Amino acid sequence: MMKNYCLVEIDCMNQERFLKSCQTIGIDIYHMEYQNEKWIITIQEEDIPKLKRIFYIHYKVIGYKGIRQIRKNIQKNKIFLVCVLLSLCVLYFLSHLILSVEVIHSSKEIRTLILNELEERQIAKYHFKKSFKELEQIKEEIIKKNPTIIEWMEIENVGMKVKVRVEERKLQKETNPKEACHVIAKKEGIIKSLSYSKGEALVSRNDFVKKGDILISGIIHKEEEEKNVVCATGSVQAEVWYKVSLSYPMNYEENKRTGKKRKNIKIQNNRINSFLFKSRIQTYEEENQFLFEIFDTKIYLTTQYEIIKEKKTYTEEEALKRLDSMIEEKFSTMLQEKEKILSKKVLKKEENNGIMNVEVFVSVLEDISMTQEFQRIKGDEDGDAF
Amino acid sequence: MHLYKTIKNFLLDKDYFINIFETQIHIYGFLEVLCLQEEEASFQFENFMLQVKGQNFRVLKLTRNEVLIQGKIKEMTFL
């Protein structure tokens with residue numbers, strides 16, 4: 001058992017007599033020092049009553065050591081200790097709480113399905129987080145329950161948020177193979193390349209074709225005799241033409257930084273931005289530096305640069321460059337892989353009230369093939385009626 | 001406590017010992033303190049008496065049969 005020690009202040013003229021008395025009575029002195037004309041001794045707490053027997057000294061207990069002192073310190077700092085314990089409990093509680101569940105997928109149906117599944121398994125807002133093992137188990141359960149919908153999923157705890165990544169299972173629809181079909185032209189143009197795996201090509205390179213012309217026939221001939229009917233497959237690249245009308249303003253505004261800048265703190269919560277300090281610059285551009293995130297609120301250090309809007313007019317060269325980029329932009333959404341713009345030619349150009357109206361002839365390399373089914377008429381020997 | 005006493009008896013199996021350091025003297029196993037003054041300290045052992053002389057003697061620790069004295073030790077006499 002741990003002993004309790006006391007610090008006792010002794011007022012005594014004769015040290016030798018006191019020490020001899022201590023020895024006779026049986027008081028063990030564990031430490032002794034002289035301070036301010038008084039002796040400070042360390043003795044066991046149970047020896048204090050024995051000091052009364054030394055009549056010629058005055059003594060005073062000035063402190064404790066051991067368990068009693070620890071208890072006294074705890075008693076003295078109990079508010080602080082309770083606060084520390086409480087804050088640790090709150091921290092533990094908050095670090096194990098879910099504040100939001102985010103399912104990363106473009107389909108709303110999938111998102112709702114996953115959220116419902118997770119809610120059934122106690123993964124929802126204001127619920128406690130699950131361990132890695134439990135998350136793995138839940139993940140497997142959900143995948144097993146929805147084998148036709150979910151291909152893969154991952155659940156992870158990110159701070160106070162649960163992030164779920166899902167991959168949808170895409171089942172290939174069984175399609176009935178077409179029996180007889182031609183590949184026809186969906187636009188008029190000049191054939192530039194042709195490739196086919198089934199059927200018989202009726203056109204060749206540099207042939208001009210009109211809309212609806214058969215490019216690859218589904219009827220196979222041998223020595224002018226019809227041998228077989230298949231569904232023709234292939235792709236035909238042709239040069240097609242477009243006439244594009246564009247209009248754009250010749251004047252534009254450019255932002256120019258004045259050199260004046262201000263620092264601020266930006267608070268972003270649910271895409272709503274607010275600033276900690278009032279902004280003294282009226283028109284500005286900002287550069288954000290992410291600091292930290294707490295409770296779905298992102299904090300940024302923002303530098304606001306003051307700007308002046310300058311009015312400018314395009315030169316002819318700049319206007320043509322802009323025209324090029326506008327045409328590229330317009331066709332980029334329409335053109336697929338291996339398709340490209342071959343040439344551009346301005347047909348008409350006129351400026352009216354600061355607005356440039358342009359008519360451009362654009363030649364494009366494009367896939368013009370389209371599959372079209374046909375039905376054979378019984379008794380028709382040629383068999384190309386559809 | 002019994003275990004502690006057994007270990008202590010095993011380690012301190014001598015009747016007495018005197019350790020002298022540069023500014024301290026540690027005496028174990030005396031029977032009685034005869035004198036404890038600033039310039040002199042004497043202790044009664046079973047078969048002899050120890051007298052220590054010096055300057056600025058201060059008792060740091062004192063139990064029934066053990067004492068630790070700090071100070072400048074000049075002379076030690078066994079009587």
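**A residue and its setting**

Guide: A:Glu366 counts as buried because its relative accessibility is 7%, and the cut-off for buried is under 20%. This value, like the others here, comes from a predicted model. In chain A, the residue belongs to strand β21, which spans residues 355-367.

Consider next what surrounds the residue. Leaving aside residues up to four places away in sequence, A:Glu366 touches A:Lys187, A:Val236, A:Gln237, A:Ala238, A:Val240, A:Tyr242, A:Met334 and A:Glu339. With one of these, A:Lys187, the side chain of A:Glu366 makes a polar contact of 2.5 Å.

The wider setting includes a second chain. Here 15 residues of chain A are in contact with 16 residues of chain B. The two chains bury about 1,300 Å² between them, and carbon and sulfur atoms give 49% of that area. Of the area that chain A buries against chain B, 39% is supplied by A:Glu16, A:Lys20 and A:Gln23, more than by any other three residues.

Across this interface, nine residue pairs are in polar contact, while the count of salt bridges between chain A and chain B is zero. On the side of chain A that touches chain B, α1 (15-25) and β2 (31-35) each supply at least two residues. The most comes from α1(A), with five residues. Sorted by class, that side of chain A has six nonpolar, four polar and five charged residues.

How values were computed
Residues are numbered from 1 along each chain as its sequence is written. Chains are lettered from A and ligands numbered from 1 in the order in which they are written. This is a predicted model: local features need pLDDT of at least 70, side-chain atom pairs count only at pLDDT 80 or more; totals for chains, interfaces and linings use all residues. Side-chain values use heavy atoms; hydrogens and water are left out. Contact means heavy atoms within 4.5 Å. Buried area is the accessible area (1.4 Å probe) that two parts lose on being put together, summed over both. A salt bridge is a side-chain nitrogen of Lys or Arg within 4 Å of a carboxyl oxygen of Asp or Glu. A polar contact is a pair of N or O atoms within 3.5 Å; within protein, one must be able to donate a hydrogen and the other to accept it, and residues adjacent in sequence count only if both atoms are side-chain atoms. Helices (H or I, at least four residues) and strands (E, at least two) are DSSP runs, numbered from the N terminus. Ala, Val, Leu, Ile, Met, Phe, Trp, Tyr, Cys and Pro count as nonpolar, Asp, Glu, Lys and Arg as charged, and the others, Gly among them, as polar. Buried means under 20% relative accessible area, exposed over 50%, partly exposed in between (1.4 Å probe, protein chains only).
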